[in-house]
Amino acid sequence: MELGKAKDFCNQWLPAWTGNKPELLISFYSEDAFYSDPFIPQGLKGKERILKYFRKFISFYPDWKYEHVEIFPTEKGFTLKWKVSLPINKDTIVEYGVDIVEISNDKIIRNEVYFDTASL
């Protein structure tokens, strides 16, 4: 994927993680997408299973905000280094992580997320 296209995709996709809008977020994923993160390292396959997880997971953190730090294009998509700011009470936790993202027909077919869960 070209860098410009990957940046455009991230500029639309990353804000969908904010505001507890799982239906908007899942619209970026294909019907047979694969998703994993540190809480479900075995991953989930299929849009409906991922949506069920997103409904629960992002409801815990409705005000977090993601931004891309670096994007490394790959043949099938990109690897993304991101930063998340998570307001908790009067503090803000800042964490960094990495996603492996593969895209087909403008939809995510594979999304593996890696980050340290200690502060969450």
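## Surface and charge

The accessible surface of the protein comes to about 6,800 Å², and carbon and sulfur atoms hold 51% of that area. These areas come from the Shrake-Rupley method with a 1.4 Å probe, and for residues only the protein chains shown count as cover. This is a predicted model, in which local features need pLDDT of at least 70 and side-chain atom pairs count only at pLDDT 80 or more, while totals for chains, interfaces and linings use all residues. Residues are numbered from 1 along each chain as its sequence is written, and side-chain values use heavy atoms, with hydrogens and water left out.

The protein has 16 positive and 18 negative charges, and their mean positions are 4 Å apart. Here Lys and Arg count as positive and Asp and Glu as negative, with His and the chain ends not counted. Each charge is placed at NZ of Lys, CZ of Arg, CG of Asp or CD of Glu.

## Overall fold

Three helices and six strands make up the list of elements, and along the sequence they follow the pattern α-α-β-β-α-β-β-β-β. The radius of gyration is 14 Å, close to the 14 Å that the globule rule gives for 120 residues, so the protein is as compact as a globular protein of that length. That radius is taken over C-alpha atoms, and the rule is 2.2 Å times the number of residues to the power 0.38. Helices (H or I, at least four residues) and strands (E, at least two) are DSSP runs, numbered from the N terminus.

Along its principal axes, the C-alpha trace spans about 40 × 30 × 25 Å. Buried residues make up 42% of the 120 residues; buried means under 20% relative accessible area, exposed over 50%, and partly exposed in between (1.4 Å probe, protein chains only). Among contacts between residues at least 6 apart in sequence, 48% join residues at least 24 apart, where contact means heavy atoms within 4.5 Å.

Let's look at α1 (residues 3-13), where A6, F9, C10 and W13 are buried. They cover an arc of only 100° around the axis, which puts them on the same side of α1. The arc is that of the directions from the helix axis to the C-beta atoms. The buried residues of α1 pack against α2, β1, β3 (65-73), β4 (77-88), β5 (91-104) and β6 (107-115).

Helix α3 (residues 47-57) has K47, I50, L51, Y53, F54 and F57 as buried residues. Their arc around the axis is only 165°, which puts them on the same side of α3. They pack against α2 (22-26), β1 and β2, whereas the face turned away from them carries the exposed residues E48, K52 and K56.

## S36 and G43

S36 sits in strand β1 (residues 29-37) and, at 6% relative accessibility, counts as buried. Beyond its neighbours within four places in sequence, S36 is in contact with P41, G43, N111, E112 and V113.

G43 belongs to strand β2 (residues 40-45) and is buried too, at 11% relative accessibility. Not counting residues up to four places away in sequence, G43 touches F34, Y35 and S36. The C-alpha atoms of G43 and L25 are separated by 17 Å, with the two residues 18 apart along the chain.

## Positive phi in two loops

N20, in the loop between α1 and α2, has a positive phi of about 55° although it is not a glycine. N20 is partly exposed, with a relative accessible area of 33%.

D106 lies in the loop between β5 and β6. Its phi is also positive, at about 65°, and D106 is not a glycine.
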